[in-house]
Amino acid sequence: FENAQNLGEDSSGRGHHGTVSQATGGPGYEGQGLVLDGRGGLEVPLTVNSPRGFTLDCWVQFEAVADNMNLISQEDTFLLRLDPPAEDSTLSFFVNVGGSLEPRVRGLTPVPGRWYHVVATWDGSYASLRLNGQLFQRIRPGSLPSPEAPVLIGKPFRWGPVGLKGILDEVKLYPRALREGEVTLQEYGLARKARG
């Protein structure tokens, strides 16, 4: 999100550019982030799932936690969202193993205005969710369908009908499950950048 003229530009150099709607650039965790009001977001034509699993990695700050909000999702494949208030407004991660999104990995209820490093992985056996280093996990063996729909980032989705109200930054999608040590090093590096 560092290119103010093209917020959907893929900075990895792999050309996976996205389309941004109803969003603006603003102060993020590191440099510029994507500021969202629940209506818009980023849409990327990308396949994340692979035989080696996948990882969703982002920094997020919620303006409020009173809605069922989508963070990152792909139809029939996975869902990372803020659950509705009736389900305690927890951050949850779902993978569509065997045609079912449940059971989910439930995390914690975020505090508005605080930054969270969110890392969700699925490696073919386990679904894991790390929130500021705290690990939540459950066994989810099996396989996922081959996705055809685009990845929706911060944008309203069927199971997260309100888009994110807050700021997204440093969004990374990997076609493999990151190991715990890789995530820890990444957290350490970004924390040092933010301080210095």
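**A residue before the strands, then a ring cluster**

Tutor: Start with His-17, which counts as partly exposed because its relative accessibility is 40%. The cut-offs for relative accessible area are these: buried is under 20%, exposed is over 50%, and partly exposed is in between, with a 1.4 Å probe and protein chains only. This is a predicted model, so local features need pLDDT of at least 70, side-chain atom pairs need pLDDT 80 or more, and totals for chains, interfaces and linings use all residues. Residues are numbered from 1 along each chain as its sequence is written, and side-chain values use heavy atoms, without hydrogens or water.

His-17 sits in the segment before β1 (19-27). Leave out residues up to four places away in sequence, and His-17 touches Gly-8, Glu-9, Asp-10, Val-44 and Pro-45. A contact here means heavy atoms within 4.5 Å. Leu-46 is 29 residues from His-17 in sequence, and their C-alpha atoms are 9.1 Å apart.

Now to the rings. The whole structure holds five aromatic pairs. A pair is two rings of Phe, Tyr or Trp (its six-membered ring) with centres within 6.5 Å; planes under 30 degrees apart are stacked, over 60 edge-to-face, and the rest tilted. Phe-54 and Phe-78 make a tilted pair, because their planes stand at 35 degrees, with ring centres 5.0 Å apart. This pair links distant parts of the chain: Phe-54 belongs to strand β3 (residues 54-62), Phe-78 belongs to strand β5 (residues 78-82), and 24 residues separate them. Strands (E, at least two residues) and helices (H or I, at least four) are DSSP runs, numbered from the N terminus. Phe-54 and Phe-78 are both buried.

Phe-54 has another partner. With Phe-93, Phe-54 forms an edge-to-face pair, at 6.1 Å centre to centre and 75 degrees between the planes. That pair also links distant parts of the chain: Phe-93 lies in strand β6 (residues 91-95), 39 residues from Phe-54 in β3. Phe-54 counts as buried because its relative accessible area is 0%. Phe-93 counts as buried too, at 1%. Ring pairs join Phe-54, Phe-78, Phe-93 and Trp-122 into a cluster.

Thr-121 lies in strand β8 (residues 115-122). Its relative accessible area is 10%, so Thr-121 is buried.

Step back to the chain. It has one helix and 13 strands. Along the sequence, the pattern is β-β-β-β-β-β-β-β-β-β-β-β-β-α. The chain is as compact as a globular protein of 196 residues, because its radius of gyration is 15 Å, close to the 16 Å of the globule rule. That radius is taken over C-alpha atoms, and the rule is 2.2 Å times the number of residues to the power 0.38. Along the principal axes, the C-alpha atoms fill a box of roughly 40 × 35 × 30 Å.

Buried residues make up 50% of the 196. Take the contacts with a separation of 6 or more: 62% of them join residues 24 or more positions apart.
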